[in-house]
Every structure is written in structure tokens, then in C-alpha cells.
Amino acid sequence: IDAEEFRKHAHEMVDFIADYYRDIESFPVRSQVSQPGYLKTLLPPAAPEDPETLEEVFAGIARQSPNFFGYYPSNSSTAGLLGEMLSAGLNIVGFSWITSPAATELETIVLDWLAKLLKLPDEFLFGGNGGGVIQGTASEAVAVVLLAARTRAISGNKRKGLSEAEILSKLAVYTSDQTHSCLQKGCVIAGIPLENLVIVPTDSSTNYAVSPAAMRQALEDGVKQGLLPFFLCGTVGTTSSSAVDPLSALGDIAKDFGMWFHVDAAYAGSACICPEFRHHLDGVEKADSFNMNAHKWLLTNFDCSALWVKESSHLVSALSTTPEFLRNKASDLNQVVDYKDWQIPLGRRFRSLKLWFVMRMNGASGLRSYIRNHVRLAKRFEGFVREDPRFQVRHTFYSSNTLAPFCSF
Ligand code: PLP
């Protein structure tokens with residue numbers, strides 16, 4: 001990289017992005033594109049043979065408003081963006097401690113900070129057997145803990161005399177019908193037969209939170225049929241209905257059946273940095289793993305999905321590979337965290353930088369105000385909806401099993 005060329009172009013890029021944010025209200029919320037394949041008609045059929053200027057590249061970029069809330073806002077902030085820029089600038093590939101001690105250690109520290117903000121139990125922090133890791137998405141997070149739980153379940157059942165083939169055909173995952181489809185994808189990745197993904201129905205009587213009695217019944221039925229339940233997934237803030245599953249009761253059930261208990265709080269987890277919403281995580285102390293996406297509601301640019309586990313050795317047993325070229329003294333002596341063993345890919349970016357910037361430049365108080373302001377806006381929105389006879393509010397807001405700002409109507 002030529003430093004002066006980069007400086008010139010980076011300034012132009014910063015101006016472009018700053019202008020985008022300055023003019024954001026003027027851009028359309030929905031894409032103006034109507035036909036799939038539209039871009040092919042606008043661009044040459046092959047990569048240019050000769051280099052083009054930055055101006056030429058910019059000319060083809062159309063801007064759209066980020067105010068499309070049909071799914072979830074991919075939140076951003078100056079701090080998050082700056083951290084992302086620095087991560088791209090340093091371009092570190094920190095898969096092992098030895099490749100970048102700073103990238104590894106900052107991630108461990110920042111995830112401890114966030115765990116403390118969320119008041120996660122100490123077992124999820126570094127210092128004992130647990131710790132946190134940044135994944136790209138909640139889907140990756142659930143896939144890796146499924147793989148860890150599966151490895152644990154295979155060795156446990158082998159000790160009971162079952163063959164691996166027999167175990168693999170019977171391993172079963174339990175969850176509710178409100179759980180995000182990423183669990184289904186995780187099962188495909190982990191080789192769990194989809195007929196062994198047991199989905200317990202929910203209804204409006206519990207605001208779509210799963211009933212512990214129904215879950216226990218489903219498990220007892222499964223065991224009678226010969227299934228080997230090994231993974232239970234609860235959700236704090238389900239995608240369609242914002243339900244909060246009863247974590248404490250599910251944790252007890254998981255323990256009774258010897259299952260791994262995972263809590264998916266992908267979008268709603270961020271709210272729990274505020275003491276008044278923390279009760280939604282009550283029972284998380286019974287979980288083996290917990291995940292939330294800082295990129296959904298904590299001012300951190302996509303992607304930044306924080307995953308904590310109580311026993312990191314299960315991830316390492318499932319995911320560690322150590323060919324000769326990756327060996328080094330620090331790893332061999334077991335003195336360090338090698339995040340390559342806590343995730344699916346080998347390579348990884350310095351993603352903790354953006355979370356570090358966000359936490360430092362906002363402070364915990366700034367982050368809490370940000371969440372509280374959203375909740376205030378959601379209550380205001382609820383008021384508008386209640387006043388309008390065309391709509392019906394179907395959930396009891398702010399109750400124990402739904403999360404305030406995300407509600408269905
Ligand atoms: N879990 C919940 C509760 C979600 O709402 C979502 C996405 O909206 C996901 C998981 C999947 O998230 P990701 O895109 O990070 O895989």
C-alpha cells in the first residue's frame with residue numbers, strides 16, 4: 001500500500017461516507033430496483049482489463065436509506081465505523097495467539113467487559129474454564145456450540161457402550177417453534193437428522209414463550225422412543241414474537257436430561273445491559289453457552305456476534321486442528337487462547353477493535369441511554385398503535401416473557 005495514495009483515497013472515501021450520513025434522509029427506504037438481475041445490465045460482463053479511477057468506481061454506487069426496519073436495523077455508529085476502519089487498516093489475521101497477541105487478548109478483555117455489563121455469571125468470563133469469542137453471526141455461534149455439544153454427547157454415549165453410528169442417528173435437539181431457523185441450519189451442519197430436531201409448539205397464552213411442562217413432556221416422549229436428547233435451545237427475544245423463554249426452568253430440564261443448554265439472545269441481549277431489563281436473562285447462569293449480536297443493537301457495525309461458553313474445552317475438542325505449520329510453543333504449552341479452535345474458519349479479523357471503540361467512546365452509561373431511548377420510542381410507537389383502530393396490540397408489553405421494544409401487532 002502506498003501511504004500517500006491511500007491517504008488521498010481514504011479521505012475521499014470518508015467524505016463519501018460522511019455525505020451519505022449527512023444526506024441520509026433524502027434516500028429511498030426501499031430499493032428502487034424492481035427486476036432481479038438489474039445489476040448485470042448496468043455493469044460490463046467482465047472485470048476491467050485496465051485500472052479505473054476511484055471516481056469511476058464511485059459513479060456506480062447508488063445510496064439507499066438504512067430506515068428499512070422490516071427485518072432488523074444493521075446498526076452503526078461513528079465509534080463502530082472507526083473501529084471497523086482500523087481493523088481493515090491493520091488487516092490482522094489473528095487466528096492464533098502467536099499471529100497477533102493483541103488481537104487475541106483484546107478480544108478476551110472486551111468480551112469480559114461486555115459479559116460484566118450483561119451481568120453474566122463469572123463462569124462465562126476468562127480466568128476459569130470459560131470465556132467469550134466473536135463470531136460473525138448468531139447462526140455461526142449456534143453451529144459451533146452444537147458441534148461442541150455433539151462431540152461431548154458422542155463421547156458420553158460411547159462410554160455407555162453405544163456405537164458412533166447409533167449415537168449419530170439418535171442425537172436429538174429440542175427447541176420451540178419460535179426459535180430462529182439458524183438452529184435448523186446448525187443441525188444440518190452438525191449432521192443431526194432433521195427428524196431429530198424436536199420443535200415444541202407455543203401459543204399466545206404464554207406470549208409464545210415455550211412451556212417448560214410441554215418441553216419436559218416432549219423430552220420424556222423422545223427418550224421413550226429411543227432418542228438421545230443432547231441440545232436444548234432457549235431464546236431471549238424470539239424473531240417473530242419477541243418471546244422470552246423461561247431460562248431457569250429450561251436450564252433445570254436440560255440438566256435433568258444431561259443436555260447442553262444454549263441461550264440465543266441475538267437481538268434482545270443488548271437490552272440486558274440496563275438493570276431494568278436484566279431480568280430477561282435470569283436463568284442464564286444455568287446455560288452452557290450464551291450469544292448476542294452486538295451488531296444488532298449495540299452500536300457495533302456488522303459483523304460482531306458475541307458468544308460465551310462456560311467450558312471452552314468443549315469447543316476446542318470439537319474444532320481444534322493442529323497441523324505442523326500451525327504449531328508453536330505458546331499453543332503447545334497450552335498457555336494461550338487460540339481462537340481458531342473456537343470457530344469454523346481458520347482466519348479471523350480483528351473484530352474486537354470495533355466493540356472496544358464502541359465501549360470506550362460511549363461508555364456503559366452511553367450504551368444504556370441508547371437502549372433506553374429506543375425503548376422510549378417503542379413505547380411511543382405502542383401508544384400510536386393503540387390509538388389507531390386499524391391495529392390491535394396482541395402482546396402484553398413489558399411483561400415477564402416478552403421484551404419491550406420488539407412486539408408484534
Ligand atoms: N436468533 C434470533 C433470535 C434472531 O432474531 C436472528 C436474526 O434475526 C438470528 C438468530 C440469526 O442471526 P444471524 O443473522 O446473526 O445469524
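In what order do the 7 strands of the open sheet come? The order is β1-β7-β6-β5-β4-β2-β3, with mixed pairing. Here strands are DSSP runs of E with at least two residues, helices are runs of H or I with at least four, and both are numbered from the N terminus. Two strands count as paired if DSSP finds at least two bridges between them. At the edges sit β1 (131–135) and β3 (197–200), each pairing on one side only. From one strand to the next, the twist averages 20 degrees.

All this comes from a predicted model, where local features need pLDDT of at least 70, side-chain atom pairs count only at pLDDT 80 or more, and totals for chains, interfaces and linings use all residues. Residues are numbered from 1 along each chain as its sequence is written.

Inside the sheet, β2 (residues 171–176) and β4 (residues 228–235) run parallel, joined by 4 bridges. Ala172, for one, has Pro229 in β4 as its bridge partner. Helix α8 (residues 182–190) lies across β2, β3 and β4, at about 175 degrees to β2. Helix α10 (residues 247–256) lies across β4 and β5 (260–264), at about 170 degrees to β4. Such angles run from 0 to 180 degrees between N-to-C directions, with axes fitted to C-alpha atoms, for helices over the stretch in contact; contact puts two C-beta atoms, placed from the backbone, within 7 Å.

As for confidence, pLDDT is the predictor's own score for each residue, from 0 to 100. The chain averages 91, and 94% of the residues score at least 70. Over residues 404–409, though, the pLDDT is below 50.
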